[in-house]
Amino acid sequence: MKPLTVAFAGTLMNSPADLVTRVCQGDSDAFRLIFERYSRPVISFIYDMVNDRALAEELTQETFVRAYRSIHTMRAETKLSTWLFGIARNVARESLRARVRANNHVDLADKSVMDLSDNKPVPVEGLLSKELNALIRRSLAELDEDKRLVFTLKVLHQCSYEEIATITGFSLAKLKTDLHRARAEMRKRIRPYAGVGYEV
Amino acid sequence: MKCEVCLELLEEYLDGELPREDRAEVGEHLIACAECSASFADLTAEQELFARYDRDVEVPPFLWTRIAAHTVAESDAARNGWYKRFVAVFATPLASAIAVLLLAIAVGVVVYVISRKPASKPAVATRQTGPALPRNGADPIKVEDPKPAPKQDSNVVASHRKSKPRVRPAIAGDQSDVLSSNQSDLDLDDLDTARHIEQTENLLRSIRNVPVSDSDEDIDVTYDKALSRRLLNENVVLRRDAEMKAKFPTKTLLTDLEPFLIDIANLPDHARPEDVRVIKERVKKTEIVAALIDYQDRGTNNR
């Protein structure tokens, strides 16, 4: 990779790299800016993973506390969002595993919403958004953890494959396979609502 | 390209992850093949459906307070500890005497200098006595506004536009008892669209203003690219909403925005100058930023 030019598009003094530098120098305003910029995607991502609002709030707190304590270890070439998602992923994973260990597994796959569907396509416009949201949320919860992870990062958070590989540590081949399968499973579940009628 | 090959690559094509040659081939095939084109339309519709996913989760206002208590507040407390120890040193009588002596000398020197130069410029020391100067004194943004702008994802350029009174709660809260406000006519979609337009304007301005030299050094557009991906997703949803609600000027504007967002979203993290230049020139030529400003200036109520 060639050395980068000094030209940076649209980042000025509050670029992620600058914010990280400022946090390392003890600037608490900079950390607050990081929180304000990234807390929403982070809490959304964690919520997608754990499907529990209160827990998502708690884990978001844990994510940012860990981020603050280890921000000086962040490598210069790492994207801040990717790094934060990586921490959030670890925090969410630890929580999910702890939940399994405690044998307190909640059956997230509530069939009640699935039962609302028949095999006839229903136009999206005709579907109550609340119902659609509930369906997507429950369908996500039914995916296994790896598939849910890559699907969430790619489809719901528009991360690139490279970013997903960095966040998850998965190989490109694995993440592509998981993503394809996750899409197929999600498609199967939402098909009656979306009117999607093809097989990929 | 055969249909089965095309269908296999469709998801990666949609994700913008195909190498340039494959992308071109799939694009050509989609133009020629109605069946694959229909599959792609289905895939896009599915993507739009997921883009509409609205989680029942928000960042609670107290979250920052909790996080700050475990992070920045701890650090500040540690720094205060040092300060207290420093002050404690001066608590001894000898040290206090030295400090007073030094202070007296300093005051004497200042008085002497002022009396020698009565017509000199007034001292600018007033700023130094103000509370909590920003740590980074060279940062003009921090000097003007030490508090971070709340929930502004795009803190790039045109910050002057951020002061526009587009936030309904503030208006309703401050003046609802004075004005027969028609703010109730605004729906949340309008506010979302206004915020979206503002962020997109900032993005396009930043692209328009990025310096592109003749050297072949790459340009880091990582942040802009990520922002563009998010805005693109948002744009698709808002455009469909505008269409469904017959808000045709909004729909037209959002339709016009989409190619720019797609192009920026598909740039590599370290883009070649000529790729950035092409987008930059198109932003200038089409005067899309002016159209966005005009749209915002017309106000939400006119939409």
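Which residues have the most contacts inside the largest nonpolar core?

1. Basis. This is a predicted model, in which local features need pLDDT of at least 70 and side-chain atom pairs count only at pLDDT 80 or more, while totals for chains, interfaces and linings use all residues. Residues are numbered from 1 along each chain as its sequence is written, with chains lettered from A and ligands numbered from 1 in the order in which they are written.

2. Cores. The residues with the most contacts inside the largest nonpolar core, a set of 51 residues, are I34(A), I46(A), L84(A), A88(A) and V150(A). A nonpolar core here is a set of buried Ala, Val, Leu, Ile, Met, Phe, Trp, Tyr and Cys residues joined through C-beta atoms within 7 Å. A residue is buried if 20 or more other C-beta atoms lie within 10 Å of its own, exposed if 12 or fewer, and partly exposed in between, with C-beta atoms placed from the backbone. Helix α2 of chain A (residues 28-50) supplies the largest share of this core, 13 residues. Apart from this core lies another, of 31 residues, which includes L231(B), L238(B), I279(B) and L292(B).

3. Contacts of I34(A). Neighbours within four places in sequence aside, I34(A) is in contact with L19(A) and V23(A). Two residues are in contact if their C-beta atoms, placed from the backbone, lie within 7 Å.

4. Chain A overall. The secondary structure of chain A consists of 9 helices and 0 strands. Helices (H or I, at least four residues) and strands (E, at least two) are DSSP runs, numbered from the N terminus. Of the 200 residues in chain A, 42% are buried. Among contacts in chain A with a separation of 6 or more, 66% join residues 24 or more positions apart.

5. Chain B overall. Chain B has 14 helices and 2 strands. Buried residues amount to 24% of its 303 residues. For contacts in chain B with a separation of 6 or more, residues 24 or more positions apart account for 71%.

6. Helices α1(B) and α3(B). Two packed helices are described by the angle between their axes and the distance between the axes. The axes of α1(B) (residues 3-14) and α3(B) (residues 34-51) come within 10 Å and cross at roughly 25°. Axes are lines fitted to C-alpha atoms, for helices over the stretch in contact, and angles run from 0 to 180 degrees between N-to-C directions. The two helices, α1(B) and α3(B), are therefore roughly parallel to each other; angles under 35 degrees count as roughly parallel, over 145 as roughly antiparallel, 65 to 115 as roughly perpendicular and the rest as oblique. The crossing of α1(B) past α3(B) is right-handed. A crossing is left-handed if the near helix is turned anticlockwise from the far one by less than a right angle, and right-handed if clockwise. On the α1(B) side the contact includes L7(B), L10(B) and L14(B), and on the α3(B) side it includes F40(B) and L43(B). Its residues divide into 8 nonpolar, 3 polar and 2 charged. Here Ala, Val, Leu, Ile, Met, Phe, Trp, Tyr, Cys and Pro count as nonpolar, Asp, Glu, Lys and Arg as charged, and the others, Gly among them, as polar.

7. Helices α11(B) and α12(B). These helices, α11(B) and α12(B), pack at an angle of about 155°, with their axes 9 Å apart. That makes α11(B) roughly antiparallel to α12(B). The crossing of α11(B) and α12(B) is left-handed. Among the residues that meet are L231(B), L232(B) and L238(B) in α11(B) and L254(B), L257(B) and L261(B) in α12(B). The contact of α11(B) with α12(B) has 10 nonpolar, 4 polar and 7 charged residues.

8. I288(B). This residue, I288(B), is in helix α14 of chain B (residues 288-298). I288(B) counts as buried because 20 C-beta neighbours lie inside 10 Å. Not counting residues up to four places away in sequence, I288(B) touches L204(B), D256(B), F260(B) and V283(B). From I288(B) to F260(B) the C-alpha to C-alpha distance is 9.4 Å, at 28 residues apart in sequence.

9. Backbone points to check. Most residues other than glycine have a negative phi, and most peptide bonds are trans. N51(A) is not a glycine, yet has a positive phi of about 60°. N51(A) is partly exposed, with 18 other C-beta atoms within 10 Å. A246(B), also not a glycine, has a positive phi of about 60°. A246(B) lies in the loop between α11 (222-244) and α12 (248-265) of chain B and is exposed, with 8 other C-beta atoms within 10 Å.
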